[in-house]
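Hello,

Here is the structure you are taking over. My notes on it follow below.

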Amino acid sequence: MNSSRICVSLILLTLLIGLVFQSAVVLCEDPYERFLEMYGRVVNLALKGINVSQYVIALNNALQLLEENRSEEAMELMNRIEANLSELESRADSIVFSQTVSKYATAAAILSLPVLVY
């Protein structure tokens, strides 16, 4: 009976230590790695043809904060950027589709002008 309590206590202690360690790892995330990951996401969106200039400016501000050893402020800024990036990434395909349709519609309208004038 006593040994089962010890086993349960050890299991709970192990789980608690694991939870604390995992929280510490999340808190100690390298801000430069996070910056690079977000930069890669912005580049991918730019390659799809989406205007990401505001994110480039915001990431530049975050990098400046990191270089000034103001990592807490930089992480807060990157949290806001990440929330916006996630939303933009979820809408990226529809944005690209609408931009493509708009380009082809404009080209078709311009090409049809000579036929309409004739």
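Helices H2 and H3 pack at an angle of about 165°, with their axes 11 Å apart. Helices here are DSSP runs of H or I with at least four residues, numbered from the N terminus, and axes are lines fitted to C-alpha atoms over the stretch in contact, with angles from 0 to 180 degrees between N-to-C directions. H2 and H3 are therefore roughly antiparallel (over 145 degrees).

This is a predicted model: local features need pLDDT of at least 70, side-chain atom pairs count only at pLDDT 80 or more, and totals for chains, interfaces and linings use all residues. Residues are numbered from 1 along each chain as its sequence is written, and side-chain values use heavy atoms, with hydrogens and water left out.

Where the two helices meet, the H2 residues include Phe 35, Met 38 and Tyr 39, and those of H3 include Leu 59, Leu 63 and Leu 66.

The whole structure has one aromatic pair. The ring centres of Phe 35 and Tyr 39 are 6.4 Å apart and their planes are at 15°, so the pair is stacked (centres within 6.5 Å, planes under 30 degrees apart). Both residues lie in H2, four residues apart. Phe 35 is buried, at 11% relative accessible area, while Tyr 39 is partly exposed at 47% (buried is under 20%, exposed over 50%, partly exposed in between, with a 1.4 Å probe and protein chains only).

Away from its neighbours within four places in sequence, Met 78 is in contact (heavy atoms within 4.5 Å) with residues including Phe 35, Met 38 and Leu 66.

Regards

Conventions: Phe/Tyr/Trp six-rings, centres within 6.5 Å; stacked < 30°, edge-to-face > 60°. Parallel < 35°, antiparallel > 145°, perpendicular 65-115°, else oblique.
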